[in-house]
Amino acid sequence: MPTEELKPGKDRDWDQKTLQLLRKRILTNCSPHAQEAFEKWWNHGTPITGFIKANYTETDPDGNELTWEIKDGYQYVKIEPSEDALIDQWKNQLSLADLYSFRDVTLDSLKDFKWQEGRVPLNYVLHSFSEKNRNVTMYGPPGTGKTALACAVGREAKLQRRNPRLIRWHKFLSRMRTSVRSSEKEGQFNLLNNITRAPLLIIDELGMDRKMKASDFEAETLFEIVSGRHGNHLPTMVTTNLTRDQIERLYGRSLADRLYDTANVILSFEKENNYRQNTA
C-alpha cells in the first residue's frame, strides 16, 4: 500500500500567530539538528523523526496557562488555568451560591478548629473526597462549620484541578423550577446534566427548612442527581442539618441509603461548638 506523501509544512494552513510562535519562540529552543530537520520538513515535506520536540508556555489575558508543543512538525496546545485563575473561578462559584463570605477559607485557616476533637484530620476529608473518590456526608446543627469545611475542601480540590462543582441546594432547586416554569427544557437538562456529571460535587444545606416531606419535584431531582452520580462512581459531598432518619422521611429510604449507608465518610457535627461565633 503506497505511503501518502507528507505535505510540506509551508503548504499547510497555518495562522500567523502560530507561525510566529513556531519560528520565534519554539524553534529557538531546539537544537541545531532539530532546526535543520524542521527546515527540510517545512520546505520539502521530509518526515521528521522525533528531532523536534519543544515546549513553550505563556499566560493569556484571562490567566490561563497555554502550553504549546511542537512534535514531529505537528502542533499541540494544552490549556490549563493558572493557580490565580483557578482561585478566581472558585470564588465565582461561591458567589453564585451566595457563599462568597467563605472565599478565603482554606484547610490551613481551619487547622485550629478540632472537629470531632481532632479525630478526623482535615486532610483526610480532602484525600477521601478528591483523591479516593469517596462520598462525604456532614450533618449536624447550623453554625458548626460544615459549610466552612466543605468550601475549604472544594478550594483545595480546585487547586488540584479536579473541577469541583458547588451548589447550595435551595438555590439550585429554585433555578430548576424557573426552567420548568419557562419551559426551557434544554436549559433544565443542561443544568441537571452538568451537576450530575461533575467530577466532584458539593451540595450545601440539603433539606435546610426541615419540612415534613419534600415535593415530588425536589425528591425526583435530588434522586436523579445522587443516583446518577452513584452509578458512575462520582463522589458527592453533602452538608445538611438533618439526621439520617429525617433525610429518609423527607426524601425516601433509597436516597438516605445512598447518602449514609454507602458514603465512605460520615461526619457528625452534632456535638461541635458554634463555628460562626468563634469566627465572628
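**Helix packing and nonpolar cores**

Helix α3 crosses helix α5 in a right-handed sense, the near helix being turned clockwise from the far one by less than a right angle. The model is predicted, with local features requiring pLDDT of at least 70 and side-chain atom pairs pLDDT 80 or more, whereas totals for chains, interfaces and linings use all residues. Residues are numbered from 1 along each chain, and side-chain values use heavy atoms, without hydrogens and water.

**The α3–α5 pair**
- The axes of α3 (residues 83–96) and α5 (residues 146–159) come within 9 Å and cross at roughly 145°, on a scale from 0 to 180 degrees between N-to-C directions.
- Contact (heavy atoms within 4.5 Å) involves E83, L86, I87, Q89, W90 and L94 of α3, and C151, G154, R155, K158 and L159 of α5.
- Six of these residues are nonpolar, two polar and three charged, with Gly counted as polar and Cys as nonpolar.

**Nonpolar cores**
- A nonpolar core joins buried Ala, Val, Leu, Ile, Met, Phe, Trp, Tyr and Cys residues through side-chain atoms within 4.5 Å, buried meaning under 20% relative accessible area with a 1.4 Å probe.
- The largest core has 30 residues, of which L110, M138, L149, V153, M237 and L267 touch the most other members.
- Helix α5 gives this core its largest share, seven residues.
- Beyond neighbours within four places in sequence, L149 contacts L107, L110, L122, M138, L267 and F269.
- Another core, of 26 residues, lies apart and includes L191, L222, A256 and Y260.

**Helix α9**
- Q246, I247, L250 and Y251 are buried in α9 (residues 244–251).
- These residues lie on the same side of α9 because they cover an arc of only 105° around the axis, taken from the directions to the C-beta atoms.
- G252 follows α9 and has a positive phi, near 105°.

Methods. Helices (H or I, at least four residues) and strands (E, at least two) are DSSP runs, numbered from the N terminus. Buried means under 20% relative accessible area, exposed over 50%, partly exposed in between (1.4 Å probe, protein chains only).
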